[in-house]
Amino acid sequence: QVQLVESGGGLVQPGGSLRLSCTTSGSILSINLMGWYRQVPGKQRELVATVRGGGNTNYADSVKGRFTISRDSAKNTVYLQMNILKPEDTAVYYCYATGLVTNMRPFNSWGQGTQVTVSP
């Protein structure tokens, strides 16, 4: 079983920055994709950014130019640098990863989420 743990959320003023981290544990053989999603009450979880094993990244239009996703493949860790934060970025941010565990079975795992609140 693969577990993901997010950290780095908190309260920040508009225009400020936060850096989220997501660490993994378990018998991971390889990770194909890691990413960040977010969700506000009453709405569906939405993609924020993803990064593939080869380094290709994908961003939601609403965060392009402000957020940067990066990955430390050696540590199976993913980061989300969030700059110029806006009140509409307020949400619970979830880490996601998919890949193979050591018995060659696929996994899809979510973290528990970390709250990001952007408010004066």
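**Strands, loops and a pocket in a predicted model**

Me: P14 lies in the loop between β2 (10-12) and β3; is P14 buried or exposed, or something in between, in this predicted model?
Reply: The loop that holds P14 runs between β2 and β3, and the relative accessible area of P14 is 39%.

Me: Which residues are in contact with P14, leaving aside its neighbours within four places in sequence, and what separates the C-alpha atoms of P14 and P120?
Reply: Once those neighbours are left aside, P14 is in contact with L85, P87, V118, S119 and P120. P14 and P120 are 106 residues apart along the chain, while the separation of their C-alpha atoms is 6.3 Å.

Me: Where is S21, and is S21 buried or exposed?
Reply: S21 belongs to strand β3, which covers residues 18-25, and, neighbours within four places in sequence aside, S21 has contacts with V5, E6, S7, W36, V78 and Y79. Its relative accessible area is 16%, and because buried means under 20%, S21 is buried.

Me: What is the order of the strands in the open sheet of 4 strands, and which are its edge strands?
Reply: The strands of this open sheet pair in the antiparallel sense, in the order β1-β3-β8-β7. Two of these strands each pair on one side only, and these edge strands are β1 (3-7) and β7 (67-72). From one strand to the next, the twist averages 15 degrees.

Me: How many bridges join β1 to β3, and what is the bridge partner of E6 in β3?
Reply: β1 and β3 run antiparallel and are joined by 5 bridges. Within this pairing, the bridge partner of E6 is C22.

Me: Which residue in the turn of the hairpin formed by β4 and β5 has a positive phi?
Reply: Strand β4 (residues 28-39) pairs with strand β5 (residues 46-52) in the antiparallel sense over 6 bridges, and W36 stands opposite A49 in β5. The two strands form a hairpin with 6 residues between them, and the turn residue with a positive phi, of about 85 degrees, is G42.

Me: Which residue in the turn of the hairpin formed by β5 and β6 has a positive phi?
Reply: Strand β5 is also joined to strand β6 (residues 57-59) by 3 bridges, and these strands run antiparallel, with T57 in β6 as the bridge partner of V51. There are 4 residues between the strands of this hairpin, and the turn residue with a positive phi of about 105 degrees is G55.

Me: Is N76 buried or exposed, and what is the phi of N76?
Reply: N76 is found in the loop between β7 and β8 (77-82), where its relative accessibility of 18% makes N76 count as buried. Most residues other than glycine have a negative phi. N76 is a residue other than glycine, yet its phi is positive, near 50 degrees.

Me: How many charged residues does the lining of the largest pocket have?
Reply: The largest pocket has a volume of about 160 Å³, and its lining residues include R38, K43, E46, R66 and D89. By class, this lining has 1 nonpolar and 3 polar residues, while the number of charged residues is 7.

Key: Residues numbered from 1 in each chain as written. Predicted model: local features only at pLDDT ≥ 70, side-chain atom pairs only at ≥ 80, totals over all residues. Heavy atoms only, no water. 1 Å grid on protein atoms, 1.4 Å probe; cavity = no way out; pocket = protein on both sides within 12 Å on 5 of 7 lines; lining within 4 Å. Points joined across faces, edges and corners; volume = space filled by probe spheres on them. Nonpolar A, V, L, I, M, F, W, Y, C, P; charged D, E, K, R; others polar. Buried < 20%, exposed > 50% of the residue type's maximum accessible area, 1.4 Å probe, protein only. Contact = heavy atoms within 4.5 Å. Pairing = 2+ DSSP bridges. Axes fitted to C-alpha atoms, helices over the stretch in contact; angles between N-to-C directions.
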